[in-house]
Amino acid sequence: MEGRLEREAGTESWWRDAVIYQVYIRSFADGDGDGIGDIAGIRSRLPYLAALGVDAIWVNPWYPSPMADGGYDVADYRGVEPVFGDLDQAQALIDEAAALGLRVVLDIVPNHTSAAHPWFQAALAAAPGSPQRGRYFFRPGRGHAGELPPNDWRSVFGGMAWTRVTEADGSPGEWYLHLFDDDQPDLDWSDAGVRAEFLSVLRFWFDRGIDGFRVDVAHGLAKDRTLPDLGVDEEGLLRAPDRSSHPHWDRDEIFEIYRGWRAVADSYDPPRMFCAEAWVSSPERLSAYVRPGLLHTAFNFAFVRAPWQAPALREVITTSLRTHACVGAPTTWVLSNHDVSRHVSRYGRPDQRDQTAATDARSTAGRIDVGLGRRRARAAALLMLALPGGAYVYQGDELGLEEVVDLPPEARQDPVWVRSGGRERGRDGNRVPLPWARTGPSYGFGPAAAWLPQPPHWAALSVEAQESDPGSMLRLYREALRLHRELWAGAGELRWLDLGPDAVAFARGRGVACVVNLGAAPLPLPAGEVLLSSTPLEEATLPSDAAVWLRTRPA
Ligand code: GLC
C-alpha cells in the first residue's frame, strides 16, 4: 500500500511504469452462470487482482456485439453487451476498482464497426454514393459487371478483404472493405462524422472515470483512398507490413487523428492515457505513435516475437529502449495476449523462430515441451518486470497456463478458424477460461461449464492449488510484483552487465541487478544478496533457463 501512496504523487504519468493486467472478459470469471465471463465475475475477483499487485486492468471489449470476433465487432460504443452486464455494473466495477487502487483501461475499436452497427445498417439501406456509405469503404467492383472485388487486399483473417452487397432493389451491388471479418466493415476515417463520433465516445467513457484506452488496430485507421492493389499476396495476422508506404497499414495520416484524441485525454484531470496496438515493421515506426502529443504508450510486440535466445533478447531490449527514449516515451513489455500463442507454449517449442501466431493447425503442437516453457516463463516474468517501463500481464500468465492446442473443432469460435476452413487453428487456445479452483464444472470459473472446455490438468494450475504452493507461478508473480514497486518502478536506466554470451544481465538504479541464464550450462553469479529467483539456487550459480534479482550493493 505504501508504494501505491508514494506513487499517487506521480498520478499523471502512472502509466510510465505500471503493470497492467489484461482481463479477457469472456474467459476471466463467470458471475451469472451462463458459461461466459462477465462484469459481475470481474467484480468478484477484484480483490484477487489487488492482492496480485498489479496497478491497472485492461478489459477487452465489453460493448454490445454479435461476437463475430469475440467482441471486436462493436454494435454500440456506448453500451455494455447484455451477456457481460450493463452500464450500472460497468460503473460499479470502475468505482470498486478505484477503491482498491486499481485503474481501469478499456478497449476502443476504431478501425471497424460490427456489421450490426446502426451506421452500417443505414449504409446498406442507402444508395451508392450516399453519405451513409461514405462512413465506410463502399466501391463498385471490377470486371464487366462489377463481379470482381475493387482491389486485391486480403483479410487478416483469411480470404478477400471485400464483400459484395445486394442493393435495395435486389441487384448485386457495391463491395465494402473489411480488413478483418466480413462482419467488421472498415470505417473511412476521412469522414468528419466518423472522427467526431469517436471523440465523443472517448468522452463518454472518460466521464465515467476510466483511466485510459487500449487502441485496437491503431495502425489501420488511414487508408490510401485510391485503393491501389498491393500486388503481393498478404496473409497472416502477425506479419508486419514491410513497405515504406503501405496502402492500409501504418500510414502517416493516422497521427493527426491521435493528436485530437490526445487533446481529449489531456483535457481531463487526471489526464487519461492510451496504449496503441500497432503491428508495425520496426521499432522506429512504433515510436512514431508515442511521440509527444500523440499516444502515451504502445505494446512492444518485438518483445513478444523475440525467441528465447540471449542475443535476440539483448538486441530487442536495447533497441526498444533507445527508440522510445528518442521520443520521451516509456517502453512497454508484453509476453502474451489474447491474439498470440501463450509464451509457455512458445518458449517450449523446439524451434525458436517467430511462431507468435502459431495458428497453423499442422504446426509443432505435439512437440511442445510445456515443462521447459513454464520454466522459461518463470524466468521471463522476472526479466520483464525488471526492465524500465510498463508491463502487461495477460490473465493466466500468473498461473503459467499454456495454449490449449487440442480444443474440439466444434468448440472453436475464432473467425480465423472459420475463415481458413480449419487450416489455421486460430486463437481460441489462448482464450480458454481461467481455472480458479481444483474442482467444479469449470474449475471455479463459474457455476456452470465454460464456453471453451478447460483441460483437466488445469485443476493443478488453479488459483486455489497455487495459493498454497510456495513454489508456484502465482506465488512467484505475487512476490515479483510486490518487489517490482520497491525495486524497479522508477529505478532509472538500465546498464548492461557482461556475464557472457548466454546471459541477459543488467543493473538499475539502486544497486539491484537482474540476471537471466539462457545458456545450457550453469552461470556463475556476481556477488550479491538474492532477492528473488525463478528457481531454487545452489551456491552462487544460476541454472539454465532461470533468472534472479540480486542486490549488488547494500540498501
Ligand atoms: C486486434 C485484436 C484482435 C481482433 C482484431 C480485430 O488485433 O486484438 O483480437 O481480432 O484487432 O479487431
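Predicted model: local features only at pLDDT ≥ 70, side-chain atom pairs only at ≥ 80, totals over all residues.
Ser 155 belongs to the loop that runs between β4 (138-139) and β5 (162-166).

Leaving aside residues up to four places away in sequence, Ser 155 is in contact with Met 160, Ala 161, His 178, Leu 179, Phe 180, Asp 181 and Arg 419. With Phe 180 there is also a polar atom pair: a polar atom of the Ser 155 side chain lies 2.9 Å from the backbone oxygen of Phe 180.

## The pairing of α6 and α7

Two packed helices are described by the angle between their axes and the distance between the axes. For helix α6 (residues 192-207) and helix α7 (residues 254-266), the axes come within 10 Å and cross at roughly 30°. Because angles under 35 degrees count as roughly parallel, α6 and α7 are described as roughly parallel to each other. Their crossing is right-handed.

On the α6 side, the contact is made by Arg 195, Phe 198, Leu 199, Leu 202, Arg 203 and Phe 206. On the α7 side, Ile 257, Gly 260, Trp 261, Val 264 and Ala 265 take part.

## Leu 483 in helix α15

Leu 483 is part of helix α15 (residues 473-488) and is buried, its relative accessible area being 6%.

Residues up to four places away in sequence excluded, Leu 483 touches Trp 488, Leu 531, Leu 532 and Trp 549. Leu 532 stands 49 residues from Leu 483 along the chain, and their C-alpha atoms are separated by 8.7 Å.

Note on methods:
Residues numbered from 1 in each chain as written. Heavy atoms only, no water. Helix = DSSP H or I, 4+ residues; strand = E, 2+ residues; numbered from the N terminus. Polar contact = N/O pair within 3.5 Å; in protein donor to acceptor, adjacent residues only side chain to side chain. Contact = heavy atoms within 4.5 Å. Axes fitted to C-alpha atoms, helices over the stretch in contact; angles between N-to-C directions. Parallel < 35°, antiparallel > 145°, perpendicular 65-115°, else oblique. Left-handed = near helix turned anticlockwise from the far one by under 90°. Buried < 20%, exposed > 50% of the residue type's maximum accessible area, 1.4 Å probe, protein only.
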